[in-house]
Amino acid sequence: MSSGYLWAVDIHGTANRLIASPCPAKDDFLEWIPAHLEGNVPVRKLAVAPDFVWGIGANGRAYIYVTYSHIAVRVVEETFENERWYMLVGWSSRTLPTDRSNYSDRQGDNSTPKNSFHLPSDGWVWQDPWTVDLNEIEYDKTGWQYAFNFSSKDFKNTHFSGAFVRRRRWARTRKYVGIERWIAVPDGRQSDESYHFIDISAGGFEQASHCSQRFACSVFALTRAGQLLFRDGIGPQSPEGTDWTLVDPVQDKESGEYEDLTYISCSASSGQLLALTWDGRLFARLGIAGNNRVGTGWADLARPKGLPVISAALGERTVWLITTDGKLWITSLISPMTEMVRCVTSASWTEMSQGMCRVTVGLDDQVLAICQSTERLNIRMDLNEKEPTGRCWKEIIASKGCSGEIDEEAGNDNDRWLQVDAGGCSINSKTIPRHWTEPQHQSSSFLSDYSAFDRKSTWRRKVIDALTTRNELIWNTFWDFSRHFGEDSAWTRHAKAQVLAATSSDWIDANLELTIEGATKGLLRVEIAGRGQTIELPFADIVCAFAKCDVHSKNVLEVHSPILPQSNMLAVLKKPLKIAFNTEDERDSWTSVIQATLCKAIPVFDRVLWAIDDQGLIYVCPISTHNTQSLSQQYWLQLRGHFKEVSAGCGVVWALGEDGKAWCLSPDYGCAIDPMFGEELALVQTDAIDEVLCENQRSSVLSGYCTFNGTANGKYYAWSDDSGTVKKANKETTRLPSKHWQWANDWKIVNHDLNCDSEGWQYAKKFGTDFNRKKGSVRRRQWTRRRVFTAAAPWLAIDAPKLTRLSVQNDSTDNSHLLVWAVTVTGDLLCRQGVTSATPAGSAWKQVICDKRIVDICAGPNYHIWAVTSAGEALLRYCANFADITKCAWKCIPSSFKLKQIAVGANVVWGLDSKGDLYERTAVSSATPEGESWIYAYSDVQTVTTDSSGNLYALLKYSDPGVGTVSGVLARRTTENSWDYGIAGPWTCISLSSII
Amino acid sequence: MPQDYDVTRQVWEGKVPVEFVLAAHECTIIDAPKPYYAMLPRISYFPLALERAYKYFMSAVDESEVNKDDVWLEYDGYPLKWHYPVGVLFDLHKTDDVLPWQITVHLKKFPEDDIIRCAGRDALESMFMQSLKEADQLKHRGEIVNTMQKRDHKQLWNGLVNDRFDQFWLVNKKLMENSGSNTFHFVPMRLYKTDKPYRQVLVKPMNEAAERTTLAEACRIFDPGFDSSSSRVVSHGVEVPLDTPVIWLAENLAYPDNFVHISILSS
């Protein structure tokens, strides 16, 4: 998993990086890796961002170092060749003086001959020569398109009478190849010494407006002349940006003179900026927000005891300073900056122990520093919300790698450092990599003559392999015999719990009794306390038991049973049966007992339906195509894990977390057979969600703006979701859904845009109208807080950029070459190679180029791929064989509606539009995979999935006048083309797969 | 040389599934007890697990009849020596592949001639420390273990008893120090054959040709007639390649008592 790197500059001026993964892979290098500037120019300062690093050399120039990613940075340059038709002459490149010139951009505003395109820096190469765009939908066979005149909106792909102008599109791709090396940032002013850089700082990696984008950050630099510059144009297609712009200088209030800045610090998370003057005064930049990365002004910030400050490090919640007397100070950061400037006085600073200098604050406020006396690196341990100052310093002892380069004379200098920057690594107090600080986790290949040899020796390999096999063997036998043990015994367990009533949505006290007899039989009795009423549910009638967290944070066990309607008690109890336990552990132990017994009763199956519900919990339903029972009578199992999306095919299951990380189900996990949560595999799955709360207030004459009880206008709550109409717990009472969740930070206000005031409030006339006013009788603001999921669960992490969609190939013509397709947040397409049912994680990504931004993907039979672009078009790409997957071309399949999702099986293609209408593609066959046309099939569909034989499962939404809109209803298409409904959701994602 | 984490971790994780069966005919049974199952660390000792097994069986027998000190374990006719690590006993006595390892718990007729009594957990601890000191005597002339504090000794023992790898190795790495003035003098090794008490001779890390002594050479020091084709050399349940340097075994494949326990079995 990519957790980035810690970067530091050693006393020789060499930049070094150290892997920051808390659980590094076996072949990861656990030592410092040097990254020399060209000509061994010493590095003066680094500014580290998650995807790349900015550095300034002793020569005063700026450089960037882009770290490896699975996605290439590509830019398609285009220019249009324009021609006009003249009587007698025919087509001529000489256009009229009022026309655009022979070569221009699409709008015709600028003249752009081919030779006017230059590579922005040494990091780029041209990938191909200029070529004419021959896309037949827009252009004719020689690439021309025709119109009456150039300003026409409607260029046609064939010549017609009355067409006097024509144009063709030339395109050429450049690619960024300056990966894992330093590339000089071009700058016309570098010959002038006063423009040489002396300091640089980058931050704002978590600023709302840029979140998922690659290279999203603010880069500030200081020149020798004391000017502060901001780098413009940094973005997913331009790591080096376009230009430096001058930031307004700090001005002395009385004299009006410009202050001479010598040091800057930009907060890694928020992008806020601090600057120091030559005489140690501290200034804060005001007005930096998501939509304004540069800010608007400066304000003086009080210093501890008024002492001159020599360095500063700005985090998300804390600010660290070092004063000239060598003391370290800390205060908490108040947002926004204007408030900070007002509140912080010289007494706000807390003095910390002496001895550290050159502090850096990374994401999540983790702090590293260099020891003043030994110049070694130290990390502050146990920093978290409750202890923002941490507990102690711990030395980072990772050694410098590359044995050949260790200079004998340098000897002791090896662990002396000039600067450290943690901006590029996402660690928190719990995930500090052990190889940073613990000797036994060091890689040791260079420490001894023999150990390098030993590590490669065959006898060591043999011993390790034998030990590993031995351990695995023992565990397998252990599970076998522990299952046999006690199978014939009957036992009973009791609990006091609550059950949900049908009518009043009240929780009623109940006594539970669970009796298990042998391997598969059991009985669940629910006795309503004090009423003498009892429900008995034999296990044969239970199809699933899910552990969930309900809206009131109760530990609920949800029991679905198709026979419940006939039960004598149903008038009293809600369906499905919801049981709330007093503790989570009790609930979990009941769940696992019932699940373990249920899964032994599962009949033979040939399909597996994977599903995710609105809480991100993941479930699996084994289905037999020969089984005529309704979908609501199928057994379900709950797996551990937290995801937003799942895709399965041919026994391979991949899923995506809310944080965009990809996971695959471990091949060692026997799904539907193994009743455990997969804990014995010693795997851990993680996820993260930004919880968002809306705080709503209304103003009253007496008390001004204030919160309210109940609802306003009948349906708006004081604490709600984005719409205002769904009630939520407030900041203090919001609970984590289970013991696997933890808060990663504190609540903070989301500053959306300029419509917010300094406390993040947005105003409106009344609820239900847009909050876009400066004043109004109601107001709202948004709070956000990150929670993280960590649990033992049978999932393997896949190293990948942030993803939004997945599709696992669903036909098994050749099981040795299954492909998994993934769409990144940037709309790029990746293809995972080396996936088989035995190695579901695969081996490597290959990027498949598409010039359009992709939003959905579905792998069809015979390596055909269907995709949906952000414009709602369908694209198809067919490959004759596996080896050609990256080579063939995309074909655009026209449709009269805007597609949202596509689902492909053998000889069947379904297209879902953004209105929820589902269309079927006619005449699809292996000879004509693109089919002929779309015909309308169903409405109110949210998402669909199909397997290789074309069975269709969908999530539907329907409006019931009595209940309101119900969404996430699972249904399967029957042979009579109607819907057969499954157990209640709400579901958010499904994926159907055949098994092998 | 530093600790080889991959190896030491795997060694530490080694476990044996054991099914304790009560030799029921020896005493009056109130209620026929089911076997007691346990997953024992190979590096641990039977008396540590026996306490729980004993309690379990006590509920089934008439307590007045038995004496805790008379409890002994037997497998396939062999009384098991309580001061050998579990893994050594397994490698030495277990000849078939049937798991779990079925061990009979006897409550009477202690075989005084074959094995000695274990006087409880404290006796086991002092035996373990004795072994550890002896190993350091061989490696560093006892200089390291003797300069350690009592607290460190306790940490080693508790690390073993509570199955805490990191806690144990934090101290153990000092005992494994093999550089500068703390180079190993001898390799602490014990060789076992079925039916015989173990043997211990002096093995130097380097042979006369100034190369690292291999396991094959060490086996020949123990038994000049050692024939690699007719015997299997086993430790921790795995066959150890004969070209492995013994110094590496001492650093990475030693049991917590710092001895390399090798069983030579006929193949």
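In which hand does α4(B) cross α6(B)? The crossing is right-handed; that is, the near helix is turned clockwise from the far one, while left-handed means anticlockwise by less than a right angle.

This is a predicted model, where local features need pLDDT of at least 70, side-chain atom pairs count only at pLDDT 80 or more, and totals for chains, interfaces and linings use all residues. Residues are numbered from 1 along each chain as written, chains are lettered from A and ligands numbered from 1 in written order, and side-chain values use heavy atoms, without hydrogens and water.

**Stop 1: chain B helices.** Select 121–140 (α4) and 150–161 (α6) of chain B. Helices (H or I, at least four residues) and strands (E, at least two) are DSSP runs, numbered from the N terminus. The two helices pack at about 115°, axes 11 Å apart. Axes are lines fitted to C-alpha atoms, for helices over the stretch in contact; angles run from 0 to 180 degrees between N-to-C directions. Show the contact (heavy atoms within 4.5 Å): it includes F128(B) and M129(B) of α4(B), and W157(B) and L160(B) of α6(B).

**Stop 2: chain A sheet.** Go to the open four-stranded sheet, order β3-β2-β1-β31 (chain A), paired antiparallel. Strands pair if DSSP finds at least two bridges between them. Its edges are β3 (33–35) and β31 (417–421) of chain A. Neighbouring strands are turned by 30° on average, direction ignored. Now pick β1 (residues 5–10) of chain A: four bridges join β1 to β31(A). V9(A) has Q419(A) as its bridge partner there.

**Stop 3: an annotated span.** Select 143–177 of chain A: 0% helix, 46% strand, end C-alpha atoms 30 Å apart.
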